[in-house]
Amino acid sequence: SYGWENDGIAPRDFFAGIAINLSPGQGHRYPMFHNLLIGLLSIPVLLPAALRAEDWTLPALMEQILTVPTMTGVSIVAKLVAVAMACVSILAIARIARRTVSIEAGRWAAVWAATCLSFAYYGRVSNLDGPYLMWTALAMDRLLSMAETRKRRDYVIFGLLAGAAVATKDQAYAGFVLPGLLYVLLLPLRRDRPFGPLAPHYRNTAFSTLAGATSLGVLGGGLFNPSGFAARLRELTGGASQDWMSYARTPEGLVANVSDIILGQETYYWPWLVVALCWIGVALVIFRPGGDGIRSRAFRLLPLAAGLSSVLFFTLVVARCEHRFVLPMGFWLAYYGGVASSAFLSSVADRGIPALRAAQLTLVALGAWAAGHSFEVHLTQRADARNQVQAYLAGLDEGTLVETYGWLVHLPHFDVSDASPYRLQRVSRRPIDKRNPLVGSTEIDAPYGEVRERQPDVLVVPESTALEFVPRELRKGMAEPAVGARLQADLDAQSFFRSALSDSLEGYEVVLIAEPKLPKWFEALGAAPVRVHASVGNRQFVLRRSAR
């Protein structure tokens, strides 16, 4: 009844995303739009479960809705929507490349977008990063239409799409800062005036801004709950961002953050050869004069502006550097991979068919390499270590007491049916875990170190949870997030989890360290498990009460 997608809204978090956004004075961490969309599309799954409840009280409804079949149905709905939106994103970036460069560039832009590792992951899970990127891509395509047609309708649609992006996830705003400043406000001041006469343009821009604000207010929930909208903004600019900073607010921290973004492109996007191809495309656009209108160099730099804007006005602001925080930059770089691919094929086209075929095969080979690179995250999920733990627990003796710890996204899927050979209990000191119960387990709020008093037979310890409590050595410019510092201040938890990971916990011994294992043929090609957001690629430790 819970998923493994860290910060995903399925299968159960969308309930809070709707209810809290509509509760006066309360602010949810995410806007309402996508939560509401998934809720409405899940009605065919939720309604039969609700009708099976004994009555319409909250406990009775939860008992029926938080069952595995219902929650699985919601997860499938959420992921099908994510895949559909990812496909739209790919079509949108291909259309942008086709309109500004060529059909060939559009095709290859689609290839590089689809094979970008971060996009491959967030394009099929219930997190909000893929959906907001889709609305952003559609808005950028409409910005081209604004310059091309100069019709008020396109201005209004651009505003509605931009509002939908931010109403899906607040951080989408960052992708519009530079494009809005450079293309909507400053570019029309040029002599050629791509948006036409100034007065109509800025009048239409006012309509666009109004449409965007209305879209954000209605879809995000702020129009129905202004005090809650203000509360969410306070939370976003406060603990939700400040408590999770990974880099220090110093020049050294900024340098470390930028360096990790640059040097991590192979980890986040594609193999280095493809990364280089994309940046060659950027250079080609910058140093080669373009055509006119939306085929001019200025509009070919629009995707770069959107990607850099996201990094400058969000990623570096929150001082983070994980897959989802650099996702937009990778997605927009795919456009320039299309530019470079098209230029490469054009440069050999007049050298005869054999040269053209060789060039095409080279790009196909690069595409296959990139696809294999992104496929590592798929196979890592397929070989998730938690499946090994589930199989181990299935073989336990009848009546075995299993104890586990931490947040649901890090835990295996336990068997809590009547046929299960073991009983389950979860120990947690975090208030948030009380709002997200591990259905079928006994919830315990007690010191971790009292494990000998509780006397469970088996302990299941997710490494990602344990490492939150164990201090780590920091590089220059790095900072321990405030949340991590608070967890590490719990000396009881620190001692317990350090002992569990080092196999020195008194009375217990490690019997299984489960980790994802890719197929041997794939590893022989250089593939390795991928870690994403502390859940994918997560190791699991299983300890058993020793005979001593």
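Predicted model: local features only at pLDDT ≥ 70, side-chain atom pairs only at ≥ 80, totals over all residues.
Q: What makes β3-β2-β1-β4-β6-β5 the order of an open sheet with mixed pairing?
A: The six strands line up in that order, where a strand is a DSSP run of E of at least two residues, numbered from the N terminus, and two strands pair if DSSP finds at least two bridges between them. Residues are numbered from 1 along each chain as its sequence is written, and side-chain values use heavy atoms, leaving out hydrogens and water.

Q: How do you know that β1 and β4 pair?
A: Three bridges join β1 (residues 400-405) to β4 (residues 458-462), and at least two are required. The two strands run parallel, and V402 has V458 in β4 as its bridge partner.

Q: Why are α18 and α19 called roughly antiparallel?
A: Helix α18 (residues 302-318) and helix α19 (residues 323-348) pack at about 165°, angles running from 0 to 180 degrees between N-to-C directions of axes fitted to C-alpha atoms over the stretch in contact. Roughly antiparallel means over 145 degrees, so the term applies. Their axes lie 8 Å apart.

Q: What meets F325 and W332, among others, in α19?
A: Residues of α18 including L302, F314 and V318 do, contact meaning heavy atoms within 4.5 Å.

How values were computed:
Helix = DSSP H or I, 4+ residues; strand = E, 2+ residues; numbered from the N terminus. Parallel < 35°, antiparallel > 145°, perpendicular 65-115°, else oblique.
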